[in-house]
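Thank you all for coming; please have a look at the sequence and the structure as they come up, and then I will walk you through two parts of the chain.

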Amino acid sequence: MTTRVEIINDFLAINVKPGATIQDVVEASGSALPFGCRDGQCGTCVVEIVQGMEFLSPKNAKELKVLKEICVGTCSDKARLACQMKIEKPNGVVRIKY
Ligand code: FES
């Protein structure tokens, strides 16, 4: 029971179990998606969820605060912080663009 995570920019895909963080996925896949603080504070890891938002954990307070600061009129509702997301549900596809 896994969910497929695709990182579009890097042409990478990996199947992971619920509970895996996107940070784990990025590191396991060899993606070049950049991270800074890894703690939901700097915004370096902002990505767009092209597909599969419903398979991810909801935005937490840190994520909402940083997205509000860095996305002034520029990000869509699909913007997320890669360091704050987890896969929550199996049997899905999550497509990420950075
Ligand atoms: S790496 Fe800093 S907010 Fe994600």
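When I speak of a contact today, I mean heavy atoms within 4.5 Å. What you see is a predicted model, so please keep that in mind as we go.

I would like to begin with Arg80, which has its place in strand β4, the stretch covering residues 79–81. Is Arg80 buried or exposed? Its relative accessible area is 2%, and because buried means under 20%, Arg80 counts as buried. Leaving aside neighbours within four places in sequence, Arg80 is in contact with a list of residues that includes Cys45, Val46, Val47 and Ile49, and also Leu56, Pro58, Leu67 and Met85. Glu63 is among these contacts as well, and here the side chains of Arg80 and Glu63 make a polar contact at 2.6 Å.

Let me now turn to strand β1, residues 3–7, which is mostly covered, with four of its five residues buried. Which strands does β1 pair with? With strand β2, residues 12–16, it runs antiparallel, and five bridges join the two; within this pairing, Glu6 stands opposite Ala13 of β2. The hairpin that β1 and β2 form has four residues between the strands, and in it Phe11 takes a positive phi near 55 degrees. With strand β5, residues 93–97, β1 pairs in the parallel sense, over four bridges, and there Ile7 stands opposite Ile96 of β5.

Technical notes
Residues are numbered from 1 along each chain as its sequence is written. This is a predicted model: local features need pLDDT of at least 70, side-chain atom pairs count only at pLDDT 80 or more; totals for chains, interfaces and linings use all residues. Side-chain values use heavy atoms; hydrogens and water are left out. Buried means under 20% relative accessible area, exposed over 50%, partly exposed in between (1.4 Å probe, protein chains only). A polar contact is a pair of N or O atoms within 3.5 Å; within protein, one must be able to donate a hydrogen and the other to accept it, and residues adjacent in sequence count only if both atoms are side-chain atoms. Two strands pair if DSSP finds at least two bridges between them.
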